[in-house]
Amino acid sequence: MPVEKSVVEALNVHMGREFEAHLQYLSVSSWFDAEGLPELTKFFAAQAAEEHMHATKILTYVQDVGGPVVIPALAAPKASFESAEEAVAGCLEWEENITAHIHALVDLATSKNDHATQVFLQWYVTEQVEEIATMSELLQVTRRAGESNLLLLEDYVARLAPAA
Ligand code: FEO
């Protein structure tokens, strides 16, 4: 099934953003590990695994529509943070950015009358609603707990664990 070159190129670029999100979450997870907060470490490692799945799902789709798969150069993730709030706020900002790009991809597929890609992308549209909600609430709880009470944040994240 033919998918226009411009759509394939845009999907490849977006696959790169999802791989970057994977690396960014691994980096945030490692920062929390260094801070001695094991539940946050696990939570962000799980987020990283989800982002890897988001990227490879696009990779498989591009393969299925005939490619070519072109994995772009990836930016290095941010490695250190001033505070838990800065780390979590950065993740929310990242998710908002990803969401805007997903919506732009849907607009592109729509403008090309590309029904298959539109349907494929709907999963991401829904997924982003959940990701933004999760990260917004985490930021809210981070601020409420405060930097000197991050063990409260650990408890909150531990209770989230089955869903995360
Ligand atoms: Fe795959 Fe969290 O965006």
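Is Phe-120 buried or exposed? At 15% relative accessibility, Phe-120 counts as buried, because the cut-off for that label is under 20%. Keep in mind that this is a predicted model. Below is a friendly tour of its cores, its aromatic rings and a few backbone details.

**Nonpolar cores**
- The largest nonpolar core has 23 residues, and those with the most contacts inside it include Val-28, Leu-40 and Val-88.
- Helix 1 (5–34), helix 2, helix 3, helix 4 and helix 5 (150–160) each give two or more residues to this core.
- Helix 3 gives the most, with five residues.
- Val-88, one of the residues with the most contacts in that core, touches Phe-32, Phe-44, Met-135, Leu-138, Leu-139 and Thr-142, leaving aside residues up to four places away in sequence.
- There is also a second, separate core of 20 residues, and among its members are Phe-19, Ala-55, Ile-102 and Leu-105.
- As background, nonpolar side chains tend to be buried together in soluble globular proteins.

**Aromatic rings**
- Searching the whole structure turns up eight aromatic pairs.
- Phe-43 and Phe-44 make an edge-to-face pair, because their planes stand at 90 degrees, with the ring centres 5.0 Å apart.
- Both partners are buried: Phe-43 has a relative accessible area of 4%, and Phe-44 has 0%.
- Tyr-61 and Phe-120 are stacked instead, at 4.1 Å centre to centre and 10 degrees between the planes.
- Tyr-61 sits in helix 2 and Phe-120 in helix 4, so this pair ties together parts 59 residues apart in sequence.
- Like Phe-120, Tyr-61 counts as buried, at 10% relative accessibility.
- One aromatic cluster is formed by Tyr-25, Trp-31, Phe-32, Phe-43, Phe-44 and Phe-81.
- Lys-57 lies over the face of Trp-123, 4.5 Å from the ring centre.

- Val-62 belongs to helix 2 and counts as buried, with 0% relative accessibility.
- Leaving aside residues up to four places away in sequence, Val-62 touches Val-8, Leu-11, Asn-12, Gly-67, Pro-68 and Val-69.
- Two of those contacts, Gly-67 and Pro-68, are joined by a cis peptide bond with omega at about 5 degrees.
- Pro-68 is in the loop between helix 2 (38–64) and helix 3 (84–111).
- From Val-62 to Leu-160 the C-alpha distance is 33 Å, across 98 residues of sequence.

**A positive phi**
- Asn-113 has a positive phi, near 60 degrees, although the residue is not glycine.
- Asn-113 lies in the loop between helix 3 and helix 4 (115–145), and counts as exposed at 55% relative accessibility.
- For context, most residues other than glycine have a negative phi, and most peptide bonds are trans.

Definitions and conventions:
Residues numbered from 1 in each chain as written. Predicted model: local features only at pLDDT ≥ 70, side-chain atom pairs only at ≥ 80, totals over all residues. Heavy atoms only, no water. Helix = DSSP H or I, 4+ residues; strand = E, 2+ residues; numbered from the N terminus. Buried < 20%, exposed > 50% of the residue type's maximum accessible area, 1.4 Å probe, protein only. Contact = heavy atoms within 4.5 Å. Core = buried A, V, L, I, M, F, W, Y, C linked by side-chain atoms within 4.5 Å. Phe/Tyr/Trp six-rings, centres within 6.5 Å; stacked < 30°, edge-to-face > 60°. Lys NZ or Arg CZ within 6 Å of the ring centre and 35° of its normal.
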